[in-house]
Amino acid sequence: MIRVEHLTKIFEDKLVLDDISCTFDKGKTNLIIGQSGSGKTVFLKTIVGLITPTQGDIFYCDTNFTQLNHIQQKEIRKKIGMLFQGAALFDSATVEENVMFPLHMFTDMSDKEKIEHVNFCLERVNVTGANDLFPSEISGGMKKRVGLARAIVLNPEYLFCDEPNSGLDPQTAILIDELIKDITDEFHTTTIVNTHDMNSVMGIGEKVIFIHQGKKAWEGNNKEILNSDNEALNKFVFANQMAQELRKARSIKK
Amino acid sequence: MRILLYHLGNYFILLTKVFARPEKTKAYYRQFIQEVNNIGLNSMGIILIISLFMGSVITLQTAYNTESPFLPKYLIGLGCRDSMILELSSTMLALIMAGKVGSNIASELGTMRITEQIDALESMGINSASYLILPKIVASLFFFPLFTILSIIIGILGGWLSVAITGVISITDFNYGLQYGFNPFYITYTLIKSVIFGFIISSVSSYYGYTVEGGALEVGRASTKAVVYSSINVLLFNVLLTQLLMS
């Protein structure tokens, strides 16, 4: 479980995160949603420790991450797997080398064991026969899946995904969402997904936190989100014409 | 002045991160081997070509501009040797390498920064500054003196060839000049300079690449800055080292 208390982040004189408090449950896919520029990515990167908060505390289980020194933070980070928006695969390394990288850095496995484990993870995300390809030679969806394989290769306790299906076609986006959900259930990880895709929210949003102008504006799950009274959330959820008409139809029905 | 101090401070903070204890030496060794290829072997061709022509031109220029009966002919060989050893093979070569290696390092790290590859390393708990920059610095410290020695040899060979082809002086005079009044300290001096220039180019370029913020445009700007500031520092340290070592 991850607990965030009164998290605030100010860049120079711009308030990006404003006193956010929430918890992310273990074994669930926790979604952070919000419009572009609402502070989702800063929030996620602050939780991981890539950005230092101006104020507030982040607890991994009962350990206050913000109070730890650099070396102690490193120990927590070894339990973290992260999928970045653009997958962030190392350009100069092949798919296999990319997934193997955390094993090289943090385990004493033999080369044979490493390859077996890498192949297991690649199969888990449905990538086969691409071990020797470079990131520039594979599609966007495949990059995300390889990124996910790299994120889970050390069996992380915490899985972070920053916009995992941005730039993907709807079908591939659903596949990635399903993968994230399956991996969360299988490894019992605390998964936090940053997204503005309503399909993801409805599909895997076991817990949803809505960020609006740097503040936590709503918290709930994918079943509650359509019936919320929060105006900003409704604007976000029913953004397009079709969704608005659906909403109208629902209210008439009621 | 404030900007200068800001960058100087950040540069030294980055260096403290770079020289922190490596997580796993074996992984760093693998990176070092990659840098040996990037910084070392890939630069050999340009060094050979530039040094050959530098040696050749400096010999012909000296020959055509010192046509005096009071000046012995062997001075042309001596001039070629000392120019190559003292300045051309260290300083000139460093300026050229600032362009080639410096821009390469800055754009590589800058691209890694904007595509979140550096964030990916950090999120895994890896000291990205050390993992990415230290092997570049070590490879530069190892290769720049080697480049200098190679450049001296090829430059002198270029001078010798130009004499042999044009016949501007006799080969005997040129060879005599090459051996005349040789001071072995000149080699020590040029090697010290090349090590320091290697450090400056790799670390300054890494700094500008690693600290990129923004997009592709900023990577291009960082690359240009890396070349400009590496070159200025090379020239500055050339004066300082010459005064310190030769006075």
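Author: H3(B) and H4(B) cross in a right-handed sense, where right-handed means that the near helix is turned clockwise from the far one by less than a right angle, and left-handed that it is turned anticlockwise. The model is predicted, so local features need pLDDT of at least 70 and side-chain atom pairs count only at pLDDT 80 or more, while totals for chains, interfaces and linings use all residues. Residues are numbered from 1 along each chain as its sequence is written, and chains are lettered from A and ligands numbered from 1 in the order in which they are written.

Helices here are DSSP runs of H or I with at least four residues, and strands are runs of E with at least two, numbered from the N terminus. Two packed helices are described by the angle between their axes and the distance between the axes. For helix H3 (residues 44-65) and helix H4 (residues 75-114) of chain B, the axes come within 9 Å and cross at roughly 140°. H3(B) is therefore oblique to H4(B). Axes are lines fitted to C-alpha atoms, for helices over the stretch in contact, with angles from 0 to 180 degrees between N-to-C directions. Angles under 35 degrees count as roughly parallel, over 145 as roughly antiparallel, 65 to 115 as roughly perpendicular and the rest as oblique.

On the H3(B) side, the residues that meet H4(B) include B:Ile46, B:Ile50, B:Met54, B:Gly55 and B:Ile58. Among their counterparts in H4(B) are B:Gly79, B:Ser83, B:Leu88, B:Met92 and B:Lys100. Contact means C-beta atoms, placed from the backbone, within 7 Å. By class, this contact has 13 nonpolar, seven polar and one charged residues; Ala, Val, Leu, Ile, Met, Phe, Trp, Tyr, Cys and Pro count as nonpolar, Asp, Glu, Lys and Arg as charged, and the others, Gly among them, as polar.

Elsewhere in chain B, helix H1 (residues 2-18) is hardly covered, with one buried residue among its 17. A residue is buried if 20 or more other C-beta atoms lie within 10 Å of its own, exposed if 12 or fewer, and partly exposed in between.

Chain B also touches chain A: 13 residues of chain B are in contact with 15 of chain A. Helix H5 (residues 117-123) of chain B gives the most to its side, with five residues. That side of chain B has four nonpolar, four polar and five charged residues.

In chain A, the buried residues of helix H3 (residues 95-106) include A:Val99 and A:Phe101. Their cover includes helices H4 (111-124) and H5 (140-152) of chain A.

Notes:
Contact = placed C-beta atoms within 7 Å.
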